[in-house]
Amino acid sequence: MGPILSDSQLLPGPVSRARRNFPRGLFQPPGSYRFGLDALLLAAFASRFVKNPACVAELGCGCGASLLALALLRPGISGLGFERETELVAAAICNGALLGLDGQIGFRAMDIETLDSTCFNKFNIVIANPPWSKGRPPASRLRRSALAMQADTLDLFCNRASRLLQNRGRFCIILPPGQLCELAGAIVSLRLGLRQILPIASFSGQSAKRALCLLQKNAASDPVILPALTLLERTASGIKWTEAARNFCPWTGSNDICS
């Protein structure tokens, strides 16, 4: 699996270069939370369940990195990212245009607490990388907005995903493994069944730092726990990305993205 660049000769030069350089070069407003590997792993995971044509939504899309990555991997999709911070929505729109994806991926300034009901039951796939930090709040307002987790944050994300999805639609989410019990509790009354869990570990033998989860609307919870994906390995020449990581997410080869 890799970025779709085979038609680069048909694209304008700046767009072709932006796609080759991705995820480098995306605009992120000063003071905002910088996207990282979680966003790209989420896109790679979700791409496994996309059947073109598909309509995809992202809850809390930030500058658009995850949804745009998914569109590069699966060019037949259309998508809509929801984000409450207008500065980030403007950045996401700019990044979509940079990558030549503005015709198929849109972004809307909207708090997920007040999603427009006209969007309900419209999407095949919903993706989310919810805030999870419970430590000291950052000084920047945009970083506080991105990282602040309330007691009902996961419940809210799951509720909105269920409302957006069509029957049997899929919800892909990335979160720390310690939140799996909270996730299980959040979906009890939402008709979302937990179907797969993919643990993500930095090194072989270490505990997982993240878990990628697949849920499905109107399906029973009967999760398959997949073998952990190990991202890094120590070699004689230093620390490198594993072959499994590179095969799973093509952008893990970028030195700008660390685990």
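Start by selecting helix H1, residues 13–21; helices (H or I, at least four residues) and strands (E, at least two) are DSSP runs, numbered from the N terminus. The buried residues here are Val-15, Ser-16, Ala-18 and Arg-19, where buried means under 20% relative accessible area, exposed over 50%, and partly exposed in between (1.4 Å probe, protein chains only). Look down the axis of H1: its buried residues fall within an arc of 160°, so they line one face of the helix. That arc is taken from the directions from the helix axis to the C-beta atoms.

Before moving on, a word about what is on your screen. This is a predicted model, in which local features need pLDDT of at least 70, side-chain atom pairs count only at pLDDT 80 or more, and totals for chains, interfaces and linings use all residues. Residues are numbered from 1 along each chain as its sequence is written, and side-chain values use heavy atoms, with hydrogens and water left out.

Colour the chain by pLDDT, the predictor's confidence in each residue, from 0 to 100. The mean is 89, and 86% of the residues reach 70 or more. Over residues 1–6 the pLDDT is below 50, and this stretch has 20 contacts in the model beyond near neighbours in sequence. Contact means heavy atoms within 4.5 Å.

Of its 259 residues, 50% are buried. Among contacts between residues at least 6 apart in sequence, 74% join residues at least 24 apart.

Next, select Leu-41, Leu-212, Leu-231 and Phe-248, the residues with the most contacts inside the largest nonpolar core, which has 52 residues. A nonpolar core is a set of buried Ala, Val, Leu, Ile, Met, Phe, Trp, Tyr and Cys residues joined through side-chain atoms within 4.5 Å. Helix H2 gives the most to this core, with nine residues. Which residues is Leu-212 in contact with, leaving aside its neighbours within four places in sequence? Among them are Leu-41, Leu-42, Phe-45 and Phe-248. Apart from this core lies another, of 32 residues, including Leu-115, Ala-161, Ile-173 and Ala-186.

Go on to Ser-162 in helix H6 (residues 153–164). Ser-162 is buried, with a relative accessible area of 7%. Not counting residues up to four places away in sequence, Ser-162 touches Leu-190, Leu-192 and Lys-217.

The tour ends with charged pairs. Side chains of opposite charge can pair when their charged atoms come close. How many salt bridges does a search of the whole structure find? There are two, a salt bridge being a side-chain nitrogen of Lys or Arg within 4 Å of a carboxyl oxygen of Asp or Glu.

Select Asp-38 and Arg-210: the closest N and O atoms of this salt bridge are 2.7 Å apart. Asp-38 lies in helix H2 (residues 37–47) and Arg-210 in strand E7 (residues 210–217), so the pair ties together parts that are 172 residues apart in sequence. Both Asp-38 and Arg-210 are buried.

Finally, select Arg-84 and Asp-111, whose side chains meet in a salt bridge at 3.9 Å, N to O. Arg-84 is in the loop between strand E2 (78–83) and helix H4 (86–98), and Asp-111 is in the loop between strand E3 (105–109) and strand E4 (123–128), 27 residues apart. Arg-84 is partly exposed, with a relative accessible area of 44%, and Asp-111 is partly exposed too, at 25%.
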